[in-house]
Amino acid sequence: MLLDIFDPKAPPKAIGIDLGTTHSIVAHIVDDKPTAMINCDGTALLPSVVHFGRQGEIVVGQSAKSYLTREPQRTIQSAKRFVGRSTADVENDALSVYQLASAEEGTAKEVRFDFGDRSVSAVEVSAEILKSLKQSASDQLMSVGGAVITVPAYFDDAQRQATRDAGRLAGLDVIRLLNEPTAAALAYGLAHKQNGTFVVYDLGGGTFDVTVLLLDDGVFQVKSTGGDSALGGDDMDRLIAEDMLVQMGFAPHPPRPPEIVSLALVAARAAKHALSEAPQLVVELPKKGGGQLEYSVSREQFDGWIAPLLARAKKACRRALRDAETDIADIDGVILVGGSTRVLKVRSHVAEIFGTEPLSGVDPDLVVAYGAAIQAEMLSQASDEVLLLDVLPLSLGIETMGGGIDKILPRNTSIPCGAKSQFTTYADNQTGFEIHVVQGERELAEDCRSLAKFSLQGIPPMPAGMARLEVEFHVDQDSLLSVSAKEVTTGTEQSVEVRPSYGLDDEQVEEMLLAAFDHGEDDFERRRLADARVEASRILLATQKALEADADLLDESEGAKVEAAVIALDEAIQSSQKASTVQFAIDEVDAVTHEWAGRRMNRAVQSAIGGTRVGELEATVSQARGVEAHLKDHRGE
Ligand code: ADP
Ligand code: MG
């Protein structure tokens, strides 16, 4: 009898996981080649569906799918769309057939699916999928080591954190989160072949992602990402189903019996898959009121129906190329990812957009999982052969006085990355700063996404403009952001790992980019007005203080002019809607106080020589000079 004998000291094997919206896959390396592992369904592709039974039982994969029609609210599909997002984020999501629980205290706004007897978060749903894959892996490997899990390139901080949490919940040692397009490029072995610019075209079940990757001597850099979070194979299914329903005798608009609609959708998907092989096909469908329909559909018809979908994908490709500042002529290769790229029309469409035949040869369903397995193996052997770089999808910055933002890390910066920016106090004796971290492209903080707020306390009282606050941003390998703030003169320090309670999806990213573009001029004016108001308030305060201390240095007519200019400035701050008006009032104050400022400076110098502390002199000088950025006044109490 032969026994399988495992070396007890055999090192645990690293695995790669493609945690997809529609399907999830676990892979590992066998004899230097990536291989998909068999899951609990006995196949490679595990449907990303989890059913939570009334007795507490949890069913994952193909068997869970059968509950979709029977107990739709207890059967979660497309959990990836909800991960790292708030209830508010997904309120209008068409997929929400689910009962979403209202936010609990403390857990902020994380999405929870409510079943009445219990509720689960999207992270827990993903964790169940990962647990199932981990179980399959350990059945075959004995000992599972570190795992690389892939995420869409556009996933923001919150979505990445949530994916990591799901891995942790599943008992996995998540050694890296890897961008899906980068994984695909690794699976094609591009790292060893050539330098160049590659496009990854990923059309899955419900989402479309396009990424421009630059490969330079073994270093991958994501140049830009784009796509459409509501475009995929499901839309194709719907188009065929609509046609089927009409021919079956149902009116083209709801309400229609839901069982009939699901039947049509199942038949439509099967027909779609068949059309990837055959040019024409006939399906038997039930007719309304009884009888059978010989439904026939051709590839040509189907290609016509999906043309508007492909046009949308094309637009997203153009935008991604523009963002990457890349011409079509500079593209060295296009990689197809996702089951929907099996549709022949999609392939020819891609060839048309990029003027080159897309690379095929690696299964588009498995390519991402293969790349994850390759990366996991490389990391577990501590090989630094291929460095992987990604970019930030949106700028990161902090809110400045007046509601503007200082962009500390601009969009498309390669990660990991870090940057510092200096700020100073706005008011005298300010002992605390409020730091508001935002993400987005717009000029004003209120139009950007708020990621975190924290405060730096315990700064000794100093005149305005004297404190030197250094804010440092750091984004790590997995795109996770941490922010630290330090008051340089005293060394007071504070830092946070930014853990926002909600995230952005690619559509929102796109909306924010478009909004920044549409509102460009508008924003610019509002930002200028906000900045002018801050500057005006600072000058108003300083002038009022000067009047208290040094009014005796003005003669009567000068005094009257200064008073009048100060009142006009105050009014401009309160009511003016134009930066130019505020600026005009500032210039007026400057003009009427110019000579007086000289006299005041003389007096200050005299008294400094006479023994006044130098700090005060510096304060006067720095107030006169003006400072570029101020943080909000935030006193401890
Ligand atoms: P995701 O990345 O969202 O998990 P997948 O990459 O698994 O998605 O793609 C799933 C989609 O691919 C489904 O809409 C499915 O119908 C479609 N698909 C799979 N095989 C084929 C095929 N042979 N022809 C057309 N579409 C296909
Ligand atoms: Mg996918």
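Student: Why is Ser78 called buried?

Tutor: Happy to start there, with the note that this is a predicted model. Ser78 has a relative accessibility of 12%, and buried means under 20%, so Ser78 counts as buried.

Student: What makes the phi of Ser78 worth a remark?

Tutor: Most residues other than glycine have a negative phi. Ser78 is not a glycine, yet its phi is positive, at about 55°. You will find Ser78 in the loop between β7 and α3 (87-90).

Student: Glu325 also has a positive phi. Is Glu325 buried or exposed?

Tutor: Glu325 comes out at 74% relative accessibility; exposed means over 50%, so Glu325 counts as exposed. Its phi is about 50°, although Glu325 is not a glycine, and its place is the loop between α10 (299-323) and β17 (331-337).

Student: Let's turn to cysteines. Why is Cys317 called buried, and why Cys417?

Tutor: The cut-off is again under 20%. Cys317 has 1% relative accessibility and therefore counts as buried. Cys417 has 9%, so Cys417 counts as buried too.

Student: How many disulfides does a search of the whole structure find?

Tutor: The search finds 0. A disulfide would need a pair of cysteine sulfur atoms within 2.5 Å.

Student: How do you know that β5 and β6 are paired?

Tutor: Pairing takes at least two bridges between two strands. β5 (residues 49-52) is joined to β6 by 3 bridges, so the two count as paired, and they run antiparallel. Within this pair, Phe52 stands opposite Ile58 in β6.

Student: What is the strand order of the open sheet, and what makes β6 and β7 its edge strands?

Tutor: The sheet has 3 strands in the order β6-β5-β7, with antiparallel pairing. β6 (58-60) and β7 (75-77) are the edge strands, as each pairs on one side only. Neighbouring strands of this sheet are turned by 15° against each other on average, direction ignored.

Student: Which helix lies across β5, β6 and β7?

Tutor: That is α4 (residues 122-141), running at about 110° to β5.

Student: How are α8 and α9 placed against each other?

Tutor: Two packed helices are described by the angle between their axes and the distance between the axes. For α8 (residues 233-248) and α9 (residues 258-275), the axes come within 8 Å and cross at roughly 120°. The crossing is right-handed. Residues making the contact include Met236, Ile240 and Met244 of α8 and Leu263, Ala267 and Ala271 of α9. By type, the contact residues divide into 14 nonpolar, 1 polar and 5 charged.

Conventions: Residues are numbered from 1 along each chain as its sequence is written. Chains are lettered from A and ligands numbered from 1 in the order in which they are written. This is a predicted model: local features need pLDDT of at least 70, side-chain atom pairs count only at pLDDT 80 or more; totals for chains, interfaces and linings use all residues. Side-chain values use heavy atoms; hydrogens and water are left out. Helices (H or I, at least four residues) and strands (E, at least two) are DSSP runs, numbered from the N terminus. Axes are lines fitted to C-alpha atoms, for helices over the stretch in contact, and angles run from 0 to 180 degrees between N-to-C directions. Contact means heavy atoms within 4.5 Å. Buried means under 20% relative accessible area, exposed over 50%, partly exposed in between (1.4 Å probe, protein chains only). A crossing is left-handed if the near helix is turned anticlockwise from the far one by less than a right angle, and right-handed if clockwise. Ala, Val, Leu, Ile, Met, Phe, Trp, Tyr, Cys and Pro count as nonpolar, Asp, Glu, Lys and Arg as charged, and the others, Gly among them, as polar.
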